[in-house]
Amino acid sequence: MSDRPTVAIVGGGASGSLLAAQLSRRLHPDGLRVVLIERRPEPGRGLAYSTPWDFHRLNVPVEQMGAFPRDPAHFLRWSQRAVPDVAPGQFMPRGLYGDYLQGILRGAVSGSRPGVELEFVTDEAIAAEVECDGPRPIASVSLRGGGTVRADRLVLAFGNLPPALPPGAAPGLAASDCFHGDPWDPALAERARGEDSVLLIGTGLTMVDVALILSGDDGPRSIRAISRNGLLPRAHSADVVRPESFFELPKGGFTLDELIADVDRRVTAIEAAGGDWREVIDSLRPVTNRIWGRLPASDRERFVHDVSRHWEVRRHRMAPEVAAMLERLEGTGRLDVHGASIQSLRPVEEGIEVSLGPYDGRVSETFTVDRVVNCTGPSLRVGIAGEPVLASLLDSGEVRPGPFNLGLDHDSRGAMMTVEGAPSTLIYGIGPVRKGRLWETTAIPEIRTQSFELADLLTAQLTSRSARSGRLSSAGA
């Protein structure tokens, strides 16, 4: 392994790309090799920003989506150069944001500091281990194509993990041609063309995206979407809504029930004054993770199981134009959204037999659909995510699941916790893998801040290592 420090990043979506860009902007006295490992052929886009459909919109206004924490309007200025008549408050296509992230990566390559090399590896990481038999511990990443990347620091930047199998899945369901475990399967629209009925499991933002994909004139005649509560994401206001102040945290301790009552009071008061409930929800955004850390563990667990869905539909809202499209689709009768409890999903000759238990005022029901699409959203339970590199690290004890089985456990800097409860000196995480300790960790405003802070930390660590070794850097010679 070269004396030049190496950082390997597994995952080339938004999280990994923004970290790579931040590392390229820092001064590294002994140089730096950044290896971005991404299974997709185009690093930068990831899953979220690879969609080709313009009606798949960001759910954050353009002026808040900049890649750099000190310049949140960066994407607004970029969009105004790329697309005519872009103004603050608009919700841009996600595919356009993918173009933007790829531009950030190209800029990182062409404008990086002297001695910094950004290398793209198009392959899948299938295992990782810590090697301790050399002069210093290193992380070794095995690739499906047969290669190995050895690094001084390893960063897990998986983004959103695939959804878990829905409840009631019978043996053979995952292998059925009529079941789509991946709602982003590019063949979905073509396979569902002209079919009579499709069932979408889940009623969140993933379901909204898939329903719009299937809503064309040649799409299925009936689209049914179900979840346990049948809640749809709320819509952003057509007018720009900004909270006048941030949510003030109580000075002492507080419980989940007290917090909910406080939020409800604030919503009632602001609506009575002619304001918008969204102001209250958005005022919580900067302090959500502080609230999460201060709640008793029992309340956090109850929030995950009983309250989180009610929060998510208000926090993660649809762009106004997307909400209007969904409302029109429901108005035609092609889309039916309601609450239901799935008892079983069984492949049969005609498609998939679905059994629902009594729920939301409905009686038990069994019916057959041509196709089922799993829209339950990203899995946060890393142990069942199907990521082989995660499985290898969990098996070796180099990482452990986060609280309530959400993401991976980590310290305040993003260092992964080992099975013994010690922070790793080699392995870090960014983005959704931090979910257990940070409730807000999946959106660009949080990810760009994490990338900035983690780049600072890794740069300081690797520079300190060089100083301890007594080497003279080329920059200081």
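This is a predicted model: local features need pLDDT of at least 70, side-chain atom pairs count only at pLDDT 80 or more; totals for chains, interfaces and linings use all residues.
I begin with the helix. Helix α10 covers residues 320–331 and so comprises 12 residues. From its first C-alpha to its last, α10 reaches 16 Å, close to the 16 Å expected at 1.5 Å a residue.

Which residues of α10 are buried? They are Val 322, Ala 323, Leu 326 and Leu 329. These residues lie on the same side of α10, because they cover an arc of only 120° around the axis. The other side of the helix presents Glu 327, Arg 328 and Gly 331, which are exposed. To recall the cut-off, buried means under 20% relative accessible area, and exposed means over 50%.

What do the buried residues of α10 pack against? Their partners are α5, residues 205–213, and β11, residues 335–339. Beyond the helix, please note Gly 333, which follows α10 and has a positive phi, near 90°.

I turn now to the sheet. Three strands form an open sheet in the order β12-β13-β14, and their pairing is antiparallel. The edge strands are β12, residues 341–348, and β14, residues 365–369, each of which pairs on one side only. On average, and with direction ignored, neighbouring strands of this sheet are turned by 20° against each other.

Let us look at one pairing in detail. Strand β13 spans residues 351–357, and seven bridges join β13 to β12 in the antiparallel sense. Where does Val 348 stand? Val 348 is opposite Gly 351, a residue of β13.

Thank you for your attention.

Notes:
Residues are numbered from 1 along each chain as its sequence is written. Side-chain values use heavy atoms; hydrogens and water are left out. Helices (H or I, at least four residues) and strands (E, at least two) are DSSP runs, numbered from the N terminus. The expected span of a helix is 1.5 Å times one less than its number of residues. Buried means under 20% relative accessible area, exposed over 50%, partly exposed in between (1.4 Å probe, protein chains only). The arc is that of the directions from the helix axis to the C-beta atoms. Contact means heavy atoms within 4.5 Å. Two strands pair if DSSP finds at least two bridges between them. Axes are lines fitted to C-alpha atoms, for helices over the stretch in contact, and angles run from 0 to 180 degrees between N-to-C directions.
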